[in-house]
Amino acid sequence: MSGTFSDGSGSSDYEDSTYCSWWILPGGSENFASSYDIEVTFDFLQTEEGYDTVTLLSGCENPEFCSNLVADLSGQRSGETYRATGSMFIRFSSDSSVGGPGFSASYSATATGGGGGGTSTGSLSSLHRPTLHP
């Protein structure tokens, strides 16, 4: 499984007090225990340094209870790839002032083991209001 996602602002700056989240769940919820390698690569990320953040968490059976921090990102970055196993929860939050261009990222999930792996089925769930690009 693979695709892209963004903060949803398009060519405009993202809004103040934004909260968006995504849950990458390869194999579907019934196969959570299976092993999948997930990669998220940021084409660009440009947010207010230290205040507007993109947080990546891994290994979540339920996105409300994720605690394995992969990365907490803000400022300007591009081309960086982050990896996790199992599932990944991504959230973007901004404070009440100073917006920016936001971010755009791509993701892929590959099954591991069981004969060499392969591309996974599964889902990218938009849990809060961003634009999705399957």
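User: Which residue in β7 is the bridge partner of D37?

Analyst: First, the basis. This is a predicted model, in which local features need pLDDT of at least 70, side-chain atom pairs count only at pLDDT 80 or more, and totals for chains, interfaces and linings use all residues. Residues are numbered from 1 along each chain as its sequence is written, and side-chain values use heavy atoms, with hydrogens and water left out. Strands are DSSP runs of E, at least two residues long, and helices are runs of H or I of at least four, numbered from the N terminus. Two strands pair if DSSP finds at least two bridges between them. Here the partner of D37 in β7 is T85. β3 and β7 run antiparallel and are joined by five bridges.

User: How many helices and strands are there in the chain?

Analyst: The chain has zero helices and twelve strands. Of the contacts with a separation of 6 or more, 82% are between residues 24 or more positions apart; contact means heavy atoms within 4.5 Å.

User: Which residues of β7 lie on its covered face, and which on the uncovered one?

Analyst: In a regular strand the side chains alternate between the two faces of the sheet. In β7, Y82 and A84 form the covered face, while T81, R83 and T85 form the uncovered one.

User: What does R83 form a salt bridge with?

Analyst: A salt bridge is a side-chain nitrogen of Lys or Arg within 4 Å of a carboxyl oxygen of Asp or Glu. By that rule there are two salt bridges. R83 pairs with E39, with 3.0 Å between the closest N and O atoms. Because R83 lies in strand β7 and E39 in strand β3, the pair ties together parts 44 residues apart in sequence. R83 is exposed at 56%, and E39 is partly exposed at 31%. The other salt bridge joins the side chains of E80 and R77, at 3.0 Å from N to O. E80 is partly exposed at 28%, and R77 is partly exposed at 29%.

User: Which members of the largest nonpolar core touch the most other members?

Analyst: In soluble globular proteins, nonpolar side chains tend to be buried together. A nonpolar core is a set of buried Ala, Val, Leu, Ile, Met, Phe, Trp, Tyr and Cys residues joined through side-chain atoms within 4.5 Å. The largest one has 23 residues, and V40, F42, V54 and L56 touch the most other members. Strands that each supply at least two residues of this core include β3 (36-46), β4 (53-58) and β9 (102-111). Apart from this core lies another, of six residues, among them L57, C60, C66 and F89. Leaving aside neighbours within four places in sequence, the contacts of F42 include V54, L56, L73, Y82 and F103. Of the 134 residues of the chain, 43% count as buried.

User: Where is V98 found, and what is its phi near?

Analyst: Most residues other than glycine have a negative phi, and most peptide bonds are trans. V98 is in the loop between β8 and β9, and its phi is near 55°, a positive value. V98 is partly exposed, with a relative accessible area of 48%. S17 lies in the loop between β1 (2-6) and β2, and the phi of S17 is near 55°.

Key. Buried means under 20% relative accessible area, exposed over 50%, partly exposed in between (1.4 Å probe, protein chains only).
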